[in-house]
Amino acid sequence: KKLKREKEEAVIKVEQELEKALNDVEDNKKEISAIQLDSSTRIEELTEQIASVEATVQDHHLELQKSRSENDEAIDLHRNEVDKLNKEFEEGLEAQQKAFEEEKAEYLKVQDLESSEKEKTL
């Protein structure tokens, strides 16, 4: 009788331990599911953030290209304006030089005439 009772107690103890182990397994499964759900949610959030950052980077890249293009155009316009002003200045300088040379030639001609007049009168 005592042996039978000890067996029954041992069986009951094993059943209780088994029940506890099964409950622990169920709890662990629930924890794993919750962790997987949290991980999936976090991965989705990070994926959205990455997409947002990539879109922002792309926008900044396009803005930078546009700004560079506008700056290049402005530089070309200024360069053309400077070239035009330089050309006008050089043309004006050449015209002044030509006018000076013509005036000088006229002056020398008058000087020669006056010299020859003086020589004739002497």
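This is a short tour of the structure above, stop by stop, with something to select at each one. Keep in mind that you are looking at a predicted model.

**Stop 1: the whole chain**

Start with the protein chain in cartoon view. What will you find in it, helices or strands? The answer is one helix and zero strands. This helix, α1, covers residues 2-121.

Now turn the chain around and look at its outline. Along its principal axes, the C-alpha trace spans about 175 × 20 × 5 Å. Another way to see this is the radius of gyration: the protein chain has 52 Å, whereas a compact globule of 122 residues would have one near 14 Å.

**Stop 2**

Select L37 and E8 and show their C-alpha atoms. These two residues are 29 residues apart along the chain, and their C-alpha atoms are separated by 43 Å. L37 is found in helix α1. Is L37 buried or exposed? With 56% relative accessibility, L37 counts as exposed, because the cut-off for exposed is over 50%.

**Stop 3: the surface**

How much of the chain is buried? Buried residues make up 0% of the 122 residues.

Next, colour the chain by charge.

**Stop 4: a negative patch**

Select E81, E88, E90, E91 and E94. Together they form a negative surface patch. Zoom in on one of them, E88, which lies in helix α1. E88 has a relative accessible area of 41%, so it is partly exposed.

**Stop 5: salt bridges**

How many salt bridges does the model have? The count comes to five. Here are some of them to visit, including the pair K20 and D24.

- **K20 and D24.** Show both side chains: they meet in a salt bridge, with 3.4 Å from N to O. Both residues lie in helix α1, four residues apart, which is about one turn of the helix. K20 counts as exposed at 53% relative accessibility, while D24 counts as partly exposed at 34%.

- **E26 and K29.** Move along to this pair, whose closest N and O atoms are 3.8 Å apart in a salt bridge. Why is there about one helical turn between them? Because K29 and E26 are three residues apart in helix α1. K29 is partly exposed, with 47% relative accessibility, and E26 is also partly exposed, at 40%.

- **D76 and R79.** In this salt bridge, the closest N and O atoms are 3.4 Å apart. D76 and R79 are both in helix α1, three residues apart, or about one turn of the helix. Relative accessibility is 41% for D76, which counts as partly exposed. R79 counts as partly exposed too, at 47%.

You have one helix, with 0% of the residues buried. Five salt bridges are counted in this model, and E81, E88, E90, E91 and E94 form a negative surface patch.

Terms used. Residues are numbered from 1 along each chain as its sequence is written. This is a predicted model: local features need pLDDT of at least 70, side-chain atom pairs count only at pLDDT 80 or more; totals for chains, interfaces and linings use all residues. Side-chain values use heavy atoms; hydrogens and water are left out. Helices (H or I, at least four residues) and strands (E, at least two) are DSSP runs, numbered from the N terminus. The radius of gyration is taken over C-alpha atoms; the globule rule is 2.2 Å times the number of residues to the power 0.38. Buried means under 20% relative accessible area, exposed over 50%, partly exposed in between (1.4 Å probe, protein chains only). Patches are made of residues with over 30% relative accessible area and no salt bridge: like charges are joined within 9 Å, nonpolar side chains (Val, Leu, Ile, Met, Phe, Trp, Tyr) within 5 Å. Accessible areas come from the Shrake-Rupley method with a 1.4 Å probe; for residues, only the protein chains shown count as cover. A salt bridge is a side-chain nitrogen of Lys or Arg within 4 Å of a carboxyl oxygen of Asp or Glu. Lys and Arg count as positive and Asp and Glu as negative; His and the chain ends are not counted. The place of a charge is taken as NZ of Lys, CZ of Arg, CG of Asp or CD of Glu.
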